[in-house]
Amino acid sequence: MNRRSFLTSSSLVISGLSLSPFVSSVYFNENSLGMSQKAKQAIINALPNAFRYPDDARSKLINELGKEFKLSDKHISLGNGSSETIQAAVQYVANKAQKEGKAIQLIVPDPTFNYAELYAEPLGVKIVKIPVDKTLAFDLETMQKKAQEFDGISMVYLCNPNNPTAMLTPTAALTHWIKSAKENVFFIIDEAYAEFVSTPEFTSAITLVEAGYKNLIVARTFSKIYALAGLRVGYGVAVPDVVADVDVFVSIDNTNTAGAVAALASLKDKAYVEYSRKSIDVSRQMVVDVLKELDIEYAPSHANFIFHKVKGDVKTYQNRMKDANIMVGREFPPALGWSRLTLGTPEEMRYFVTTLKAFRTKGWI
């Protein structure tokens with residue numbers, strides 16, 4: 001379906017979706033569409049029993065997630081957003097190293113989503129940052145070398161697609177490393193944006209969990225394509241032994257009833273998911289078209305945001321966009337001169353495209 005037919009087709013307009021006004025692109029990669037109508041109704045239906053603890057709702061969600069990936073419920077760890085899954089995984093590995101009296105390090109690409117670093121730092125974990133290469137791709141070879149040379153336990157955090165670049169790490173290279181890694185290497189694969197990926201070049205690391213590999217956990221979230229960021233629902237997928245060990249560090253009753261029922265309804269609402277994905281596809285293409293037209297360098301995007309070059313100071317560009325009621329991302333060192341733009345609805349991106357063109361006429365971009 002092309003852009004015009006998507007924007008005009010009434011068959012794809014889901015009742016109850018409230019499209020945002022032409023004011024801004026969102027800043028933290030939220031989904032401007034808002035949650036599905038079925039998720040909203042699930043919350044309303046659950047309110048009369050909200051005085052009870054969320055055990056039943058959590059169990060139903062865990063079971064459904066297991067079925068979604070053709071795994072058991074014991075392969076699923078629920079989290080307060082995927083951030084808690086990342087935190088619990090870091091704590092699990094750090095605790096393991098402490099018990100075994102071994103040194104520990106966290107290897108991360110740079111730039112990337114920094115929560116693993118923030119959780120590891122207070123635990124005394126050594127942070128090893130490996131800059132992305134000139135194409136903004138992960139330097140897997142150097143990361144692997146750092147893990148091999150280390151006399152202790154290495155955690156490797158990889159966000160795929162990466163935040164803030166929205167770029168993919170080739171499945172073949174990543175899979176080869178995970179399969180061939182020594183026992184002292186544990187992988188935290190953050191797939192917060194995986195549902196936006198449409199290229200056959202990408203295969204979720206969950207396939208490695210299905211194959212029984214014990215040296216990884218895959219973090220997923222309901223914050224992005226499902227638009228439930230404020231309800232804080234995420235999960236990890238790993239073999240049962242790893243899930244059991246990670247769950248020791250997860251807070252009890254970490255998923256509230258509203259979040260659990262909304263996530264469950266969203267998971268089953270395939271029409272909304274497809275609409276959400278298509279909306280981002282259309283918005284992405286609109287931005288790509290104008291970036292090409294204006295000859296602005298950008299990274300290939302496989303998520304709901306685009307990383308693009310900015311003329312001059314990024315902070316100045318950010319402030320000028322703010323004056324135009326558009327919130328764009330900050331600079332992400334060491335990738336200097338780049339800005340992360342979250343993709344809103346096609347209506348919002350139409351306003352962004354018009355503004356960007358106006359910036360060009362003023363010599364600002």
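1. A pocket is, on a 1 Å grid over the protein atoms alone, an open set of points with protein on both sides within 12 Å along at least five of seven lines, while a cavity is a set of points where a 1.4 Å probe fits but cannot get out. Lining residues have an atom within 4 Å of a point. Grid points are joined across faces, edges and corners, and a volume is the space filled by probe spheres set on the points.

2. This is a predicted model, in which local features need pLDDT of at least 70 and side-chain atom pairs count only at pLDDT 80 or more, while totals for chains, interfaces and linings use all residues. Residues are numbered from 1 along each chain as its sequence is written, and side-chain values use heavy atoms, with hydrogens and water left out.

3. How much space lies in the largest pocket? The volume is about 690 Å³. Its lining has 31 residues, and Phe113, Asn114, Tyr115, Asn163 and Arg340 are the ones that lie nearest the centre. Two or more lining residues come from each of α4 (82-100), β2 (103-110), α5 (115-120) and β3 (126-131). Helices (H or I, at least four residues) and strands (E, at least two) are DSSP runs, numbered from the N terminus. The largest share, three residues, comes from α5. By class, the lining has 14 nonpolar, eight polar and nine charged residues. Here Ala, Val, Leu, Ile, Met, Phe, Trp, Tyr, Cys and Pro count as nonpolar, Asp, Glu, Lys and Arg as charged, and the others, Gly among them, as polar.

4. The second largest pocket holds about 330 Å³ of space. There are 18 residues in its lining, and Glu183, Val185, Phe186, Lys214 and Asn215 lie nearest its centre. At least two lining residues are supplied by each of α4, α7 (171-180), β5 (185-190) and α9 (240-247). The lining divides into nine nonpolar, two polar and seven charged residues.

5. The structure holds one cavity of 30 Å³ or more, and the volume of the largest cavity is about 40 Å³. Which residues line the largest cavity? They are Leu136, Ala137, Phe138, Asn162, Thr165, Met167, Leu168 and Thr169. Five of these lining residues are nonpolar, three are polar and none is charged.

6. Two packed helices are described by the angle between their axes and the distance between the axes. Axes are lines fitted to C-alpha atoms, for helices over the stretch in contact, and angles run from 0 to 180 degrees between N-to-C directions. Helix α3 (residues 55-68) packs with helix α10 (residues 257-268) at an angle of about 25 degrees, and their axes are 9 Å apart. That makes α3 roughly parallel to α10 (angles under 35 degrees count as roughly parallel, over 145 as roughly antiparallel, 65 to 115 as roughly perpendicular and the rest as oblique). The crossing of α3 and α10 is left-handed. A crossing is left-handed if the near helix is turned anticlockwise from the far one by less than a right angle, and right-handed if clockwise.

7. Contact means heavy atoms within 4.5 Å. On the α3 side, Ala57, Arg58, Lys60, Leu61, Glu64, Leu65 and Glu68 meet Ala260, Val261, Ala263, Leu264, Leu267 and Lys268 of α10. This contact of α3 with α10 has eight nonpolar, no polar and five charged residues.

8. Helix α2 (residues 37-46) also packs with α10: their axes come within 8 Å and cross at roughly 140 degrees. The crossing of α2 and α10 is right-handed. Lys38, Ala39, Ala42, Ile43 and Ala46 of α2 meet Thr257, Ala258, Val261, Ala262, Ala265 and Ser266 of α10. Eight nonpolar, two polar and one charged residues make up this contact.

9. Helix α6 (residues 140-149) and α7 pack at an angle of about 10 degrees, with axes 11 Å apart. The two helices are therefore roughly parallel to each other. Leu140, Met143, Gln144 and Ala147 of α6 make the contact with Ala173, Leu174, Trp177 and Ser180 of α7. Of the residues in this contact, six are nonpolar, two polar and none charged.

10. Some backbone details deserve a check by eye. Asp110 and Pro111 are joined by a cis peptide bond with omega about 10 degrees, and Pro111 is in the loop between β2 and α5. The bond from Asn160 to Pro161 is cis too, with omega near 0 degrees; Pro161 is in the loop between β4 (152-159) and α7. Lys70 is not a glycine, yet has a positive phi of about 55 degrees. The place of Lys70 is the loop between α3 and β1 (76-79).
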